[in-house]
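This briefing is meant for someone meeting the structure for the first time. Please look over the sequence and the model below, and then read the points that follow, which are grouped by topic.

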Amino acid sequence: MKCKRCGQPAVINMRQHRFSLCGEHFLEWVPQQVQRSIEHYHMFAPDERVLIAVSGGKDSLGLWDILLQLGYQAQGIYIHLGVPDGGYSDVSQRKAEQFAVQAGATLQVVNVRAEYGQTIPELARRRRGRSACGTCGVVKRHILNQAACDGGFAALATGHNLDDEVAVLFQNTLHWSTGYLQRQAPVLPASHPRLSRKVKPLVRMYEREMAAYALVRGIDYIYEECPYSRGATSLFYKTLFDQLEAASPGAKQQFYLSFLQAREEGRLLPADADRAEMGECSRCGQPTTAPDLCVFCRLWDA
Ligand code: Q46
Ligand code: ZN
Ligand code: ZN
């Protein structure tokens with residue numbers, strides 16, 4: 001297995017692209033791919049400031065590293081959820097902080113318990129019948145959006161990779177969730193002055209490529225996934241698509257890119273019609289479709 005560019009021994013064989021690359025050329029190739037996506041989907045311009053949601057994992061740290069290399073003004077935000085199992089939140093915070101120090105970049109840390117009085121597991125336990133992930137999603141969305149707005153960032157970036165997007169797309173397709181399908185995009189424009197533009201610069205990168213990037217680049221990240229993700233259906237869909245990809249290299253990319261094309265050309269089913277008007281939450285001021293308090297503010301009152 002030799003590098004397509006220089007003939008040296010390769011570190012990765014990408015069957016989906018039908019070529020292999022050595023470490024040096026792979027580290028050049030990945031940022032080039034990400035830059036192409038940023039430009040192709042009009043995610044942000046070089047003079048715009050970007051806030052990256054950092055989890056301490058390979059994707060978000062890899063994304064931060066790539067954006068800094070490409071010369072973007074990228075800051076990070078880490079949310080300490082208070083997940084105690086195996087010290088998950090503490091360890092992942094350390095990884096994010098270490099990376100920021102080494103890269104000389106700014107990281108904002110929000111500790112959910114210090115800020116709001118309870119950790120995500122505590123809050124989820126109080127709301128019996130609600131999953132930790134459902135609660136977590138509401139809290140993370142609120143904090144990220146608030147931080148992006150308050151900090152005057154042009155865009156909020158997340159490290160979702162192609163495998164993540166494919167799993168979500170499959171789930172949305174299985175349920176024909178047309179509303180979600182309409183909103184699943186590499187860029188979501190800000191639909192309200194207090195909502196930030198959301199971008200996913202890694203949508204065309206395979207998870208395997210991001211793992212290899214972190215390894216070859218020497219990024220120290222948390223290997224463990226959040227313990228609450230165990231048994232998630234999205235993980236099951238990922239293994240299904242891994243099988244499909246093994247039998248037919250490029251299948252994941254084709255599924256996702258064909259969907260984006262259909263979406264762009266207006267060939268999707270119409271979204272659920274009743275998109276309610278957005279008002280503002282009377283407590284935090286963030287946009288909401290609820291009549292008084294937003295979902296986030298109601299969480300803490302229950
Ligand atoms: S962090 Fe939060 Fe995830 Fe952990 S509790 Fe669930 S949603 S699994 S991306
Ligand atoms: Zn090479
Ligand atoms: Zn609110």
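In this predicted model, the charged end of Lys-4 sits over the ring of Phe-19, at 4.1 Å from the ring centre. A second case of a charge over a ring involves Arg-49, which lies over the face of Phe-153, 4.1 Å from the centre of that ring. Arg-49 also has a place in the sheet, where it stands opposite Gln-73 in strand 4.

**The sheet and the helices packed on it**

- The sheet is open and is formed by 6 strands in the order 5-4-3-6-8-7, with mixed pairing.
- Strand 5 (107–111) and strand 7 (187–188) stand at the edges and have a single partner strand each, so one side of each of them is left without a neighbour in the sheet.
- Strand 3 (residues 49–54) and strand 4 (residues 73–80) run parallel and are joined by 6 bridges.
- Helix 3 (residues 88–103) packs on the sheet and touches strand 3, strand 4 and strand 5, and the direction of helix 3 makes about 160° with that of strand 4.
- Helix 6 (residues 132–150) lies across strand 3, strand 4, strand 5, strand 6 (155–157) and strand 8 (197–199), and runs at about 145° to strand 4.
- Strand 4 is largely enclosed by the rest of the structure, because 6 of its 8 residues are buried.

**Aromatic pairs and a cluster**

- A search of the whole structure finds 13 aromatic pairs.
- In one of these pairs, the rings of Phe-236 and Tyr-237 have their centres 6.1 Å apart and their planes at 45°, so the pair counts as tilted. Tyr-237 has a relative accessible area of 10% and is therefore buried.
- Phe-241 and Phe-255 form an aromatic pair that is stacked, with 5.3 Å from centre to centre and 25° between the planes. Phe-241 lies in helix 10 (residues 233–247) while Phe-255 lies in helix 11 (residues 251–264), so this pair ties together parts that are 14 residues apart in sequence.
- One aromatic cluster is formed by Phe-170, Phe-236, Tyr-237, Phe-241 and Phe-255.

- Met-14 lies in strand 1, and because its relative accessibility is 0%, it counts as buried.
- Leaving aside neighbours within four places in sequence, Met-14 is in contact with Phe-19, Leu-21, Phe-26, Trp-29, Arg-208 and Glu-209.
- Met-14 and Lys-252 are 238 residues apart along the chain, and their C-alpha atoms are separated by 13 Å.
- Gln-16 lies in the loop between strand 1 (12–14) and strand 2 (19–21), and with a relative accessible area of 15% it is buried.
- The side chain of Gln-16 makes a polar contact of 2.6 Å with the side chain of Glu-209. If residues up to four places away in sequence are not counted, Gln-16 touches Tyr-206, Arg-208, Glu-209, Glu-245, Pro-249 and Gly-250.

**Residues with a positive phi**

- Arg-18 has a positive phi of about 60° although it is not a glycine. Arg-18 is placed in the loop between strand 1 and strand 2, and at 77% relative accessibility it counts as exposed.
- Trp-176, which is likewise a residue other than glycine, has a positive phi near 45°. Trp-176 lies in the loop between helix 7 (162–174) and helix 8 (178–183), and it is exposed, with a relative accessible area of 54%.

Terms used
Residues numbered from 1 in each chain as written. Chains lettered and ligands numbered in written order. Predicted model: local features only at pLDDT ≥ 70, side-chain atom pairs only at ≥ 80, totals over all residues. Heavy atoms only, no water. Pairing = 2+ DSSP bridges. Helix = DSSP H or I, 4+ residues; strand = E, 2+ residues; numbered from the N terminus. Contact = heavy atoms within 4.5 Å. Axes fitted to C-alpha atoms, helices over the stretch in contact; angles between N-to-C directions. Phe/Tyr/Trp six-rings, centres within 6.5 Å; stacked < 30°, edge-to-face > 60°. Buried < 20%, exposed > 50% of the residue type's maximum accessible area, 1.4 Å probe, protein only. Lys NZ or Arg CZ within 6 Å of the ring centre and 35° of its normal. Polar contact = N/O pair within 3.5 Å; in protein donor to acceptor, adjacent residues only side chain to side chain.
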